[in-house]
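Dear colleague,

I am passing on the structure below, together with an account of what turned up when I went through it. Please read the notes with the model open beside you.

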Amino acid sequence: MMKTMTAFTFEIDDPDAAAAEILEQIDITRLHKNSLGILTCYTDFIDSGAVRTICAALPFDVIGMTTAGMVVPGAVGEMALGLLVLTGDDTDFITGTAELVGKEIDGPVCNAYRESCAKHSGQPVMILTFVPYINELGGEIIAVSLDKASGGIPVFGSLAIDSSVDFSLNRSIYNGEAYKNTLVFALLYGDLHPSFFVTSFAEDKIQKQRGVVTKSKDNILMEVNNMPVLDYLQSIGIQKAVSFFPFVIDYNDGTKPVGRSIYLISKEGYAACGGYIPENVTLAVGGIDYSDVIRTTSESLEQISKKKNNGGSCLIMFSCLTRYFALEANTTDEMDTIRNTLTDSPGYIFGYVGGEICPVYTEKGDLVNRFHNCTFIACLL
(Lines give C-alpha, C1' and ligand atoms only; values in the text may rest on other atoms or scores of the structure.)
Protein backbone atom coordinates (compact mmCIF):
# COMPACT_ATOMS: atom_id res chain seq x y z
CA MET A 1 0.00 0.00 0.00
CA MET A 2 1.30 3.45 -0.90
CA LYS A 3 1.74 6.02 1.84
CA THR A 4 2.29 9.77 1.71
CA MET A 5 4.20 12.47 3.53
CA THR A 6 3.96 16.23 3.06
CA ALA A 7 6.15 19.20 3.90
CA PHE A 8 6.31 22.92 3.24
CA THR A 9 8.51 25.97 3.73
CA PHE A 10 8.21 29.72 3.35
CA GLU A 11 11.97 30.18 3.64
CA ILE A 12 12.98 31.57 0.25
CA ASP A 13 16.29 33.31 0.91
CA ASP A 14 18.18 30.69 2.93
CA PRO A 15 18.45 27.39 1.00
CA ASP A 16 19.98 25.47 3.91
CA ALA A 17 17.26 26.60 6.29
CA ALA A 18 14.59 25.67 3.72
CA ALA A 19 16.06 22.17 3.30
CA ALA A 20 16.29 21.74 7.08
CA GLU A 21 12.60 22.63 7.43
CA ILE A 22 11.61 20.09 4.78
CA LEU A 23 13.73 17.34 6.36
CA GLU A 24 12.19 18.03 9.77
CA GLN A 25 8.78 17.21 8.29
CA ILE A 26 9.81 14.25 6.11
CA ASP A 27 10.85 11.24 8.17
CA ILE A 28 13.29 9.57 5.79
CA THR A 29 13.50 6.52 8.07
CA ARG A 30 9.85 5.79 7.23
CA LEU A 31 10.39 5.65 3.49
CA HIS A 32 9.50 2.38 1.79
CA LYS A 33 11.29 0.66 -1.08
CA ASN A 34 10.29 3.18 -3.77
CA SER A 35 9.51 6.89 -3.41
CA LEU A 36 8.73 9.94 -5.52
CA GLY A 37 8.58 13.61 -4.62
CA ILE A 38 6.13 16.09 -6.16
CA LEU A 39 7.20 19.70 -5.61
CA THR A 40 5.45 22.99 -6.35
CA CYS A 41 6.89 26.40 -5.55
CA TYR A 42 6.98 30.14 -6.08
CA THR A 43 9.63 31.01 -8.68
CA ASP A 44 11.98 32.70 -6.20
CA PHE A 45 12.70 29.33 -4.57
CA ILE A 46 14.50 28.40 -7.79
CA ASP A 47 16.43 31.65 -8.08
CA SER A 48 17.66 31.47 -4.47
CA GLY A 49 18.93 27.90 -4.88
CA ALA A 50 16.46 26.52 -2.33
CA VAL A 51 14.91 24.03 -4.79
CA ARG A 52 18.30 22.62 -5.71
CA THR A 53 19.38 22.33 -2.07
CA ILE A 54 16.12 20.67 -0.99
CA CYS A 55 16.16 18.12 -3.81
CA ALA A 56 19.84 17.30 -3.15
CA ALA A 57 18.93 16.44 0.44
CA LEU A 58 16.19 13.97 -0.56
CA PRO A 59 17.00 10.32 -1.39
CA PHE A 60 14.48 9.99 -4.24
CA ASP A 61 13.58 11.60 -7.55
CA VAL A 62 11.60 14.84 -7.44
CA ILE A 63 9.48 16.29 -10.25
CA GLY A 64 7.53 19.51 -10.12
CA MET A 65 6.92 23.02 -11.34
CA THR A 66 6.42 26.64 -10.40
CA THR A 67 2.91 27.63 -9.34
CA ALA A 68 1.05 30.77 -8.26
CA GLY A 69 -0.16 29.25 -4.99
CA MET A 70 0.26 26.12 -2.89
CA VAL A 71 -1.67 24.06 -0.35
CA VAL A 72 -0.49 21.04 1.62
CA PRO A 73 -1.82 19.89 5.00
CA GLY A 74 -1.00 22.64 7.47
CA ALA A 75 -0.05 25.37 5.01
CA VAL A 76 -1.54 27.76 2.46
CA GLY A 77 0.62 30.24 0.61
CA GLU A 78 1.22 32.17 -2.59
CA MET A 79 4.96 32.51 -1.93
CA ALA A 80 5.60 29.02 -0.64
CA LEU A 81 7.09 25.63 -1.50
CA GLY A 82 5.16 22.40 -1.00
CA LEU A 83 6.29 18.79 -1.23
CA LEU A 84 4.24 15.61 -1.45
CA VAL A 85 6.10 12.30 -1.13
CA LEU A 86 4.65 9.03 -2.40
CA THR A 87 6.29 5.91 -0.97
CA GLY A 88 5.51 2.21 -1.09
CA ASP A 89 6.85 -1.31 -1.44
CA ASP A 90 4.37 -2.48 -4.07
CA THR A 91 4.55 0.69 -6.17
CA ASP A 92 7.32 1.99 -8.40
CA PHE A 93 8.18 5.27 -10.08
CA ILE A 94 10.26 5.81 -13.22
CA THR A 95 11.03 9.43 -14.05
CA GLY A 96 12.18 11.12 -17.24
CA THR A 97 12.41 14.33 -19.23
CA ALA A 98 11.85 15.45 -22.82
CA GLU A 99 13.28 18.67 -24.20
CA LEU A 100 10.70 20.57 -26.27
CA VAL A 101 12.28 22.42 -29.18
CA GLY A 102 10.04 23.75 -31.95
CA LYS A 103 6.57 22.37 -32.60
CA GLU A 104 7.56 18.87 -33.68
CA ILE A 105 7.53 17.33 -30.20
CA ASP A 106 6.08 13.88 -30.86
CA GLY A 107 9.55 12.42 -31.46
CA PRO A 108 11.24 13.70 -28.27
CA VAL A 109 8.21 12.84 -26.13
CA CYS A 110 7.87 9.36 -27.60
CA ASN A 111 11.60 8.64 -27.26
CA ALA A 112 11.66 9.80 -23.64
CA TYR A 113 8.62 7.71 -22.82
CA ARG A 114 10.06 4.58 -24.45
CA GLU A 115 13.42 5.01 -22.72
CA SER A 116 11.70 5.27 -19.36
CA CYS A 117 9.41 2.31 -20.04
CA ALA A 118 12.44 0.18 -20.92
CA LYS A 119 13.61 0.52 -17.30
CA HIS A 120 10.59 -1.41 -16.02
CA SER A 121 9.04 -4.71 -17.01
CA GLY A 122 5.46 -3.75 -16.24
CA GLN A 123 2.83 -1.45 -17.73
CA PRO A 124 2.44 2.02 -16.19
CA VAL A 125 -0.81 2.69 -14.40
CA MET A 126 -0.64 6.39 -15.25
CA ILE A 127 1.66 9.25 -16.22
CA LEU A 128 2.19 12.29 -14.01
CA THR A 129 3.64 15.23 -15.94
CA PHE A 130 4.59 18.89 -15.53
CA VAL A 131 5.34 21.15 -18.48
CA PRO A 132 6.48 24.77 -18.77
CA TYR A 133 3.92 27.18 -20.13
CA ILE A 134 5.23 27.80 -23.66
CA ASN A 135 3.20 30.21 -25.81
CA GLU A 136 4.38 28.66 -29.07
CA LEU A 137 3.20 25.19 -28.08
CA GLY A 138 0.21 25.43 -25.77
CA GLY A 139 -0.84 22.54 -23.60
CA GLU A 140 -3.02 20.46 -25.89
CA ILE A 141 -0.09 19.32 -28.01
CA ILE A 142 1.61 17.98 -24.88
CA ALA A 143 -1.41 15.96 -23.83
CA VAL A 144 -1.85 14.61 -27.36
CA SER A 145 1.82 13.64 -27.66
CA LEU A 146 1.84 11.77 -24.35
CA ASP A 147 -1.40 10.04 -25.28
CA LYS A 148 0.12 8.91 -28.60
CA ALA A 149 3.40 7.81 -27.02
CA SER A 150 1.73 5.76 -24.30
CA GLY A 151 -1.14 4.34 -26.31
CA GLY A 152 -3.75 6.05 -24.16
CA ILE A 153 -2.45 5.48 -20.64
CA PRO A 154 -4.07 8.06 -18.31
CA VAL A 155 -2.10 11.32 -18.22
CA PHE A 156 -2.48 13.75 -15.33
CA GLY A 157 -0.59 16.99 -14.78
CA SER A 158 -0.45 20.63 -15.72
CA LEU A 159 1.38 23.57 -17.21
CA ALA A 160 3.68 25.53 -14.92
CA ILE A 161 2.86 29.15 -14.20
CA ASP A 162 4.34 32.04 -12.27
CA SER A 163 3.35 35.46 -10.95
CA SER A 164 5.05 37.57 -13.64
CA VAL A 165 2.94 39.62 -16.07
CA ASP A 166 3.89 37.52 -19.10
CA PHE A 167 4.47 34.19 -17.25
CA SER A 168 8.06 34.22 -18.50
CA LEU A 169 9.51 32.91 -15.23
CA ASN A 170 7.62 29.62 -15.09
CA ARG A 171 9.70 26.43 -14.96
CA SER A 172 9.41 22.68 -14.74
CA ILE A 173 11.60 21.02 -12.10
CA TYR A 174 13.50 17.74 -12.15
CA ASN A 175 15.78 16.72 -9.27
CA GLY A 176 16.55 20.31 -8.37
CA GLU A 177 17.14 21.65 -11.89
CA ALA A 178 14.66 24.09 -13.43
CA TYR A 179 13.79 24.19 -17.12
CA LYS A 180 12.12 26.64 -19.50
CA ASN A 181 11.44 24.11 -22.26
CA THR A 182 11.51 20.61 -20.77
CA LEU A 183 8.65 18.27 -19.99
CA VAL A 184 9.19 16.25 -16.81
CA PHE A 185 7.24 13.13 -15.99
CA ALA A 186 6.91 10.08 -13.79
CA LEU A 187 5.51 6.71 -14.78
CA LEU A 188 3.58 5.16 -11.89
CA TYR A 189 3.52 1.37 -11.54
CA GLY A 190 2.00 -1.14 -9.17
CA ASP A 191 -1.05 -1.46 -6.96
CA LEU A 192 -2.52 1.95 -7.76
CA HIS A 193 -6.11 2.72 -8.70
CA PRO A 194 -6.40 6.37 -9.76
CA SER A 195 -9.71 8.22 -9.86
CA PHE A 196 -9.99 11.53 -11.71
CA PHE A 197 -12.19 14.55 -11.07
CA VAL A 198 -12.86 17.48 -13.41
CA THR A 199 -14.93 20.59 -12.68
CA SER A 200 -15.01 23.78 -14.71
CA PHE A 201 -18.19 25.87 -14.99
CA ALA A 202 -21.31 25.84 -12.89
CA GLU A 203 -24.28 24.72 -14.99
CA ASP A 204 -26.11 27.99 -14.45
CA LYS A 205 -23.12 29.91 -15.84
CA ILE A 206 -23.19 28.15 -19.22
CA GLN A 207 -25.35 29.89 -21.81
CA LYS A 208 -28.22 27.84 -23.20
CA GLN A 209 -27.40 28.70 -26.82
CA ARG A 210 -25.36 26.02 -28.52
CA GLY A 211 -23.42 26.31 -31.75
CA VAL A 212 -21.52 23.84 -33.91
CA VAL A 213 -17.91 24.50 -34.85
CA THR A 214 -17.89 24.54 -38.64
CA LYS A 215 -14.33 25.73 -39.28
CA SER A 216 -11.22 25.45 -37.11
CA LYS A 217 -7.61 24.36 -37.09
CA ASP A 218 -6.06 23.02 -33.90
CA ASN A 219 -6.66 25.80 -31.33
CA ILE A 220 -7.80 28.42 -33.86
CA LEU A 221 -11.58 28.84 -33.98
CA MET A 222 -12.74 30.40 -37.25
CA GLU A 223 -16.45 29.74 -37.71
CA VAL A 224 -19.45 28.65 -35.66
CA ASN A 225 -22.72 27.72 -37.39
CA ASN A 226 -21.00 28.73 -40.67
CA MET A 227 -20.56 32.27 -39.31
CA PRO A 228 -17.28 34.04 -38.47
CA VAL A 229 -16.71 33.51 -34.76
CA LEU A 230 -17.10 37.20 -33.86
CA ASP A 231 -20.36 37.39 -35.79
CA TYR A 232 -21.60 34.30 -33.97
CA LEU A 233 -20.74 35.77 -30.59
CA GLN A 234 -22.54 38.99 -31.45
CA SER A 235 -25.57 36.98 -32.55
CA ILE A 236 -25.89 35.55 -29.03
CA GLY A 237 -25.38 38.89 -27.34
CA ILE A 238 -21.64 38.95 -26.69
CA GLN A 239 -19.96 42.03 -28.10
CA LYS A 240 -16.37 41.31 -27.07
CA ALA A 241 -14.57 37.93 -27.23
CA VAL A 242 -12.18 37.99 -24.31
CA SER A 243 -11.05 35.56 -21.65
CA PHE A 244 -14.01 36.57 -19.49
CA PHE A 245 -16.19 34.62 -21.93
CA PRO A 246 -14.51 31.20 -22.16
CA PHE A 247 -15.94 28.45 -24.31
CA VAL A 248 -17.38 25.14 -23.15
CA ILE A 249 -16.69 22.39 -25.69
CA ASP A 250 -18.77 19.22 -25.91
CA TYR A 251 -17.13 16.49 -27.99
CA ASN A 252 -20.51 14.72 -28.25
CA ASP A 253 -18.87 11.41 -27.36
CA GLY A 254 -20.34 10.95 -23.90
CA THR A 255 -17.43 12.61 -22.08
CA LYS A 256 -17.72 15.66 -19.87
CA PRO A 257 -17.39 19.02 -21.71
CA VAL A 258 -14.08 20.88 -21.37
CA GLY A 259 -13.24 24.54 -20.92
CA ARG A 260 -11.37 26.63 -23.48
CA SER A 261 -9.98 30.10 -22.74
CA ILE A 262 -9.80 32.71 -25.49
CA TYR A 263 -6.21 33.92 -25.57
CA LEU A 264 -6.56 36.52 -28.32
CA ILE A 265 -8.43 37.56 -31.43
CA SER A 266 -6.28 37.53 -34.57
CA LYS A 267 -6.31 40.22 -37.24
CA GLU A 268 -8.45 37.85 -39.32
CA GLY A 269 -11.03 37.79 -36.55
CA TYR A 270 -10.21 34.24 -35.45
CA ALA A 271 -10.20 33.20 -31.79
CA ALA A 272 -6.92 31.67 -30.60
CA CYS A 273 -7.86 29.39 -27.72
CA GLY A 274 -6.04 27.59 -24.95
CA GLY A 275 -6.66 24.15 -26.45
CA TYR A 276 -7.84 22.42 -29.59
CA ILE A 277 -11.39 23.02 -30.82
CA PRO A 278 -12.16 20.38 -33.46
CA GLU A 279 -14.75 20.88 -36.16
CA ASN A 280 -18.24 19.48 -35.48
CA VAL A 281 -18.02 19.77 -31.69
CA THR A 282 -20.74 21.70 -29.88
CA LEU A 283 -19.79 25.06 -28.41
CA ALA A 284 -21.34 27.15 -25.65
CA VAL A 285 -20.13 30.22 -23.79
CA GLY A 286 -19.43 29.95 -20.07
CA GLY A 287 -18.62 32.34 -17.27
CA ILE A 288 -16.90 32.20 -13.92
CA ASP A 289 -16.80 34.44 -10.87
CA TYR A 290 -15.89 34.22 -7.20
CA SER A 291 -18.96 32.27 -6.11
CA ASP A 292 -18.58 29.80 -8.97
CA VAL A 293 -14.97 29.02 -8.06
CA ILE A 294 -15.82 28.31 -4.42
CA ARG A 295 -18.96 26.37 -5.29
CA THR A 296 -17.42 24.13 -7.96
CA THR A 297 -14.34 23.41 -5.86
CA SER A 298 -16.53 22.53 -2.87
CA GLU A 299 -18.62 20.22 -5.04
CA SER A 300 -15.49 18.50 -6.32
CA LEU A 301 -14.15 18.04 -2.81
CA GLU A 302 -17.47 16.50 -1.78
CA GLN A 303 -17.22 13.99 -4.64
CA ILE A 304 -13.62 13.22 -3.73
CA SER A 305 -14.56 12.72 -0.07
CA LYS A 306 -17.19 10.14 -1.02
CA LYS A 307 -14.72 8.33 -3.27
CA LYS A 308 -11.81 8.30 -0.82
CA ASN A 309 -13.95 6.55 1.77
CA ASN A 310 -13.42 3.46 -0.40
CA GLY A 311 -9.65 3.88 -0.21
CA GLY A 312 -7.09 6.46 -1.21
CA SER A 313 -3.82 7.62 0.25
CA CYS A 314 -2.89 10.54 -2.01
CA LEU A 315 -4.65 13.49 -3.59
CA ILE A 316 -3.09 15.74 -6.25
CA MET A 317 -5.08 18.84 -7.26
CA PHE A 318 -4.62 21.78 -9.63
CA SER A 319 -6.75 24.78 -10.52
CA CYS A 320 -6.48 27.10 -13.50
CA LEU A 321 -5.04 30.57 -12.97
CA THR A 322 -8.26 31.92 -14.52
CA ARG A 323 -10.07 30.72 -11.42
CA TYR A 324 -7.47 32.44 -9.25
CA PHE A 325 -8.09 35.73 -11.09
CA ALA A 326 -11.85 35.29 -10.64
CA LEU A 327 -11.32 35.45 -6.87
CA GLU A 328 -10.15 39.07 -7.32
CA ALA A 329 -8.83 40.38 -3.98
CA ASN A 330 -9.68 37.16 -2.12
CA THR A 331 -6.78 35.27 -3.67
CA THR A 332 -6.45 32.52 -1.06
CA ASP A 333 -10.13 31.65 -0.67
CA GLU A 334 -10.12 28.60 -2.95
CA MET A 335 -6.98 27.36 -1.21
CA ASP A 336 -8.54 27.99 2.21
CA THR A 337 -11.61 26.04 1.09
CA ILE A 338 -9.40 23.07 0.26
CA ARG A 339 -7.49 23.20 3.54
CA ASN A 340 -10.62 23.64 5.65
CA THR A 341 -12.45 20.82 3.87
CA LEU A 342 -9.68 18.22 3.76
CA THR A 343 -9.02 18.19 7.50
CA ASP A 344 -9.04 14.39 7.76
CA SER A 345 -7.81 13.57 4.27
CA PRO A 346 -4.72 11.67 3.15
CA GLY A 347 -1.64 13.55 2.04
CA TYR A 348 -2.42 16.08 -0.65
CA ILE A 349 -0.96 18.94 -2.67
CA PHE A 350 -2.61 21.74 -4.63
CA GLY A 351 -1.33 24.46 -6.95
CA TYR A 352 -2.51 27.09 -9.43
CA VAL A 353 -1.45 26.32 -13.00
CA GLY A 354 -1.58 27.54 -16.60
CA GLY A 355 -3.52 24.64 -18.13
CA GLU A 356 -4.78 21.29 -16.86
CA ILE A 357 -4.19 17.76 -18.18
CA CYS A 358 -6.65 15.21 -16.83
CA PRO A 359 -8.56 12.24 -18.23
CA VAL A 360 -12.34 12.33 -18.46
CA TYR A 361 -14.70 9.37 -18.25
CA THR A 362 -16.91 8.09 -21.06
CA GLU A 363 -20.43 6.88 -20.38
CA LYS A 364 -18.99 3.34 -20.21
CA GLY A 365 -16.42 4.37 -17.61
CA ASP A 366 -13.43 4.36 -19.95
CA LEU A 367 -10.85 7.13 -19.76
CA VAL A 368 -9.99 9.64 -22.48
CA ASN A 369 -7.06 12.01 -22.03
CA ARG A 370 -8.03 15.68 -22.30
CA PHE A 371 -6.47 19.13 -21.95
CA HIS A 372 -8.50 21.75 -20.05
CA ASN A 373 -8.71 25.48 -19.31
CA CYS A 374 -10.55 27.25 -16.48
CA THR A 375 -10.80 23.94 -14.63
CA PHE A 376 -10.21 22.32 -11.24
CA ILE A 377 -8.74 18.83 -11.62
CA ALA A 378 -7.85 16.16 -9.08
CA CYS A 379 -6.33 12.68 -9.01
CA LEU A 380 -7.02 10.40 -6.06
CA LEU A 381 -4.60 7.49 -5.64
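Six strands, in the order 7-12-8-9-24-25, form an open sheet with mixed pairing, where two strands count as paired if DSSP finds at least two bridges between them, and where strands (E, at least two residues) and helices (H or I, at least four residues) are DSSP runs numbered from the N terminus. Its edges are strand 7 (91-99) and strand 25 (367-372), each of which pairs on one side only. On average, neighbouring strands of this sheet are turned by 20° against each other, direction ignored; axes here are lines fitted to C-alpha atoms, for helices over the stretch in contact, and angles run from 0 to 180 degrees between N-to-C directions.

Before going further, please note that this is a predicted model, in which local features need pLDDT of at least 70 and side-chain atom pairs count only at pLDDT 80 or more, while totals for chains, interfaces and linings use all residues. Residues are numbered from 1 along each chain as its sequence is written, and side-chain values use heavy atoms, with hydrogens and water left out.

Strand 24 (residues 356-361) runs antiparallel to strand 25 and is joined to it by 6 bridges; within this pairing, isoleucine 357 has phenylalanine 371 of strand 25 as its bridge partner. Helix 4 (residues 106-117) packs on the sheet and touches strand 7, strand 8 (126-131) and strand 12 (182-190), its direction making about 35° with that of strand 12; contact means heavy atoms within 4.5 Å.

Another open sheet is formed by 6 strands in the order 1-6-2-3-10-11, and its pairing is mixed. Strand 1 (3-9) and strand 11 (177-179) stand at its edges with a single partner strand each, so one side of each is left without a neighbour in the sheet. Here, too, neighbouring strands are turned by 20° against each other on average, direction ignored. Strand 2 (residues 34-41) pairs with strand 6 (residues 81-88) in the antiparallel sense over 8 bridges, and in strand 6 the bridge partner of isoleucine 38 is leucine 84. Helix 1 (residues 15-25) packs on this sheet, where it touches strand 1 and strand 6, and its direction makes about 150° with that of strand 1.

**Salt bridges**

A search of the whole structure finds 11 salt bridges, each defined as a side-chain nitrogen of Lys or Arg within 4 Å of a carboxyl oxygen of Asp or Glu. One of them joins glutamate 140 to arginine 260, with the closest N and O atoms 2.9 Å apart. Glutamate 140 lies in helix 5 (residues 140-150) and arginine 260 in strand 18 (residues 258-260), so this pair ties together parts that are 120 residues apart in sequence. Glutamate 140 is buried, at a relative accessible area of 9%, and arginine 260 also counts as buried, at 0%; buried means under 20% relative accessible area, exposed over 50%, and partly exposed in between (1.4 Å probe, protein chains only).

The salt bridge between arginine 370 and aspartate 253 likewise has its closest N and O atoms 2.9 Å apart. It links distant parts of the chain, since arginine 370 is in strand 25 and aspartate 253 in the loop between strand 17 (247-250) and strand 18, 117 residues apart. Arginine 370 is buried, with a relative accessible area of 8%, whereas aspartate 253 is partly exposed, at 39%.

The side chains of glutamate 334 and arginine 323 meet in a salt bridge at 3.3 Å, N to O. Glutamate 334 belongs to helix 9 (residues 333-341) and arginine 323 to helix 8 (residues 321-326), so the pair ties together parts 11 residues apart in sequence. Glutamate 334 is buried, at 0% relative accessibility, and arginine 323 is buried, also at 0%. Separately, a network of salt bridges links Asp204, Lys205, Asp289, Asp292 and Arg295.

**The chain as a whole**

The protein chain has 9 helices and 26 strands. Along its principal axes, the C-alpha trace spans about 65 × 45 × 40 Å. Buried residues make up 58% of the 381 residues. Among the contacts with a separation of 6 or more, 80% are between residues 24 or more positions apart.
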